[in-house]
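I opened my notebook today to look through a structure step by step. Here is what I had on the screen.

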Amino acid sequence: MSSRCLTLGTIVVVALLVMSGCSRPIVKQPGPGGQGFVGTQTGGPFGEGDLQVVQANLKPIYFEYDSFTLNPEAQAAAQYNLEIIRRAPQFNIVAEGHCDERGTSEYNLALGDRRARAVVEYMSTLGIPPSKCSTVSYGSELPVDPGHNEDAWAKNRRVYLRVSR
Amino acid sequence: MDAIISLLLLGIFFNPVQIKAEPPKIILDVDKPLLTKIPVAVPDFLSAAPGPVSGRDLAEIIRRDLYLTAIFQIVDPTPPISTSANGEPDFDRWNQAGVQVLILGSFQTMGDELTLEVRLYDVALKKLEIGKRYSGKIRDHRRMIHRFADRVMEKLTSVPGCFSTKIAFVGDSQSREVFSMDFDGHNPAQLTRNGSINLSPDWSPDGRNIVFTSYMNGNPDALAMDLSNLSLRAVSSRPGLNASPRYSPDSNSIALSMSFNGLPKLFIVTPQGNIIKRLTEGRGNDISPAWSPDGSAIAYVSDQAGTPQIYIVPTGGGQPRRLTFNGNYNTDPDWSPRGDLLAFTTRIEGRFQICTIRTDGTDLRVLTKTGSNQDPTWSPDGRFIAFMSERDGRRRIYIMDARGEIQVPVSPITGKCPAWSRHSW
């Protein structure tokens with residue numbers, strides 16, 4: 001029971017972050033991105049008004065340093081997201097590619113682009129039509145953790161799936 | 001200037017590499033260390049009456065300009081050698097103090113107007129080499145002095161100085177706006193105010209426009225700004241990356257990396273964004289083009305071999321060749337104005353450092369050692385490299401002479417992605 005309350009609280013916070021992010025979509029991040037989980041993975045389809053719920057349930061997909069290939073953990077996260085996206089065919093997905101702060105801004109743009117593209121390609125092999133997905137690279141410009149250590153870098157090397165109508 | 005030239009000859013002569021085939025015209029070689037720096041004295045400028053600017057501040061501008069080149073030794077004789085606004089300097093006393101080059105200035109102010117007279121003397125020859133008079137607003141005093149320092153470098157090295165040029169960069173705060181500043185960090189000006197992420201500014205060769213990548217419309221688009229009125233127009237807003245735009249040396253085209261049909265690849269487009277040609281193929285991410293000074297080739301970064309390395313491709317058609325083989329991270333090439341060197345960023349033991357390499361892949365030199373350093377950009381005279389350094393804990397723009405001897409921070413705020421103008425103001 002207490003864990004369900006916590007989960008609901010997380011959803012509210014994430015939803016608020018998403019809403020506050022909408023006013024300045026470029027600079028603000030739409031929250032740390034859904035570790036919370038609503039319903040079961042095999043639940044029914046999401047409704048038209050469930051965009052923020054879907055958003056809150058998607059997990060970031062993390063990458064290793066200098067890499068744009070999906071390791072087993074990244075593939076598992078992508079498959080988890082896939083199940084949710086399948087239940088929300090009315091929404092489109094923007095895969096946002098990010099890098100940690102190390103390295104040059106321009107090469108990190110290319111690396112982030114490649115990471116986002118790798119996620120879209122992986123999901124397309126599992127049945128999500130590429131026409132539903134687009135990509136945008138933010139390089140190392142939008143760290144989710146501003147720290148300068150391995151913990152922060154690991155969190156920042158990610159593809160974040162943003163849901164849109 | 002024969003005495004000074006013979007001193008330079010002496011320095012070059014002792015360098016065994018340079019003994020053969022020395023060209024008759026003496027040009028200070030920025031790649032070769034001089035054994036002796038040229039002793040120069042710049043006493044405080046003289047004024048008949050105290051005013052809103054001091055003679056010490058005016059002289060200090062030119063002293064710092066010359067110091068930063070790493071080819072001068074600034075001499076300040078004690079006791080001071082007196083100078084007068086008119087008449088010849090006491091060459092014998094300056095000579096005894098070891099001074100080879102003497103720069104004397106005088107000035108007067110009236111309201112907000114400043115009149116400057118500056119002279120360059122060859123002490124050994126007891127000869128006036130340059131005499132200039134500048135009039136203008138007091139607020140433009142730095143520009144007047146820099147202009148004279150440009151002439152001093154031209155007289156001594158056959159290549160005008162770059163002290164009247166500017167550096168564009170991107171602020172490294174929450175939003176990444178584009179700024180410009182004088183080469184030494186003075187007169188900073190904010191150019192964009194879109195509250196978004198802006199990256200990779202580059203100057204048009206005439207200094208009238210800046211291209212950059214901006215997320216202001218949600219996608220990384222290539223935009224151009226007209227600096228006369230700060231108006232913006234899109235160069236390319238194709239889906240995906242429109243990254244790292246760079247003007248060609250003749251201003252007629254822009255090289256950039258675009259990913260609208262898959263991987264980021266290099267293209268050359270018109271200033272209006274129409275594709276002239278695609279430059280690269282293959283399996284890699286290709287980004288960060290750098291034009292050779294004659295426009296015949298472009299250096300760039302590709303990870304087609306698994307790690308980011310620097311390649312060179314002819315713009316007229318032909319296969320790319322790989323330039324760098326050291327280490328597993330080489331990015332951000334910038335081609336020296338004389339065409340013989342590339343500066344770039346390399347990763348050494350987890351940190352990033354500025355290097356130079358000859359265009360045939362030989363003579364790799366690491367110029368920075370402290371902290372992490374990246375984004376090198378050459379000054380138009382080839383004498384300096386600007387770059388971003390985190391050595392004092394925050395990102396700032398630094399400049400150094402082309403051998404890395406003198407490295408100083410210049411940007412008054414945090415910043416990255418510096419781009420040195422070709423144009424002088």
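**Ground rules.** I am working with a predicted model, in which local features need pLDDT of at least 70, side-chain atom pairs count only at pLDDT 80 or more, and totals for chains, interfaces and linings use all residues. Residues are numbered from 1 along each chain as its sequence is written, chains are lettered from A and ligands numbered from 1 in the order in which they are written, and side-chain values use heavy atoms, with hydrogens and water left out.

**The core.** I looked up the largest nonpolar core and found 46 residues in it. Such a core is a set of buried Ala, Val, Leu, Ile, Met, Phe, Trp, Tyr and Cys residues joined through side-chain atoms within 4.5 Å. Buried means under 20% relative accessible area, exposed over 50%, and partly exposed in between (1.4 Å probe, protein chains only). Among the residues with the most contacts inside the core are B:Phe45, B:Phe72 and B:Trp420. Helix α4 (residues 141–157) of chain B gives the largest share, 7 residues. Helices (H or I, at least four residues) and strands (E, at least two) are DSSP runs, numbered from the N terminus.

Where does this core lie? Domain 1 (2–157) and domain 2 (166–420) of chain B both give residues to it, so it lies between them. The domain bounds come from an automatic or database domain assignment.

**A sheet.** Next I followed an open sheet of 4 strands in chain B, in the order β26-β27-β28-β29, with antiparallel pairing. Two strands pair if DSSP finds at least two bridges between them. I noted that β26 (373–378) and β29 (407–409) of chain B each have a single partner strand, so one side of each is left without a neighbour in the sheet. Strand β28 (residues 396–401) of chain B pairs with β29(B) over 3 bridges, and B:Tyr398 stands opposite B:Pro409 in β29(B).

**Two single residues.** I found B:Glu154 in helix α4 of chain B. Is B:Glu154 buried or partly exposed? B:Glu154 counts as partly exposed because its relative accessibility is 34%. Leaving aside neighbours within four places in sequence, B:Glu154 is in contact (heavy atoms within 4.5 Å) with B:Val159, B:Pro160 and B:Gly161.

My last stop was B:Gly195, in the loop between β9 (189–190) and β10 (198–203) of chain B. At 25% relative accessibility, B:Gly195 counts as partly exposed. B:Gly195 and B:Tyr215 are 20 residues apart in sequence and 9.5 Å apart in space, C-alpha to C-alpha.
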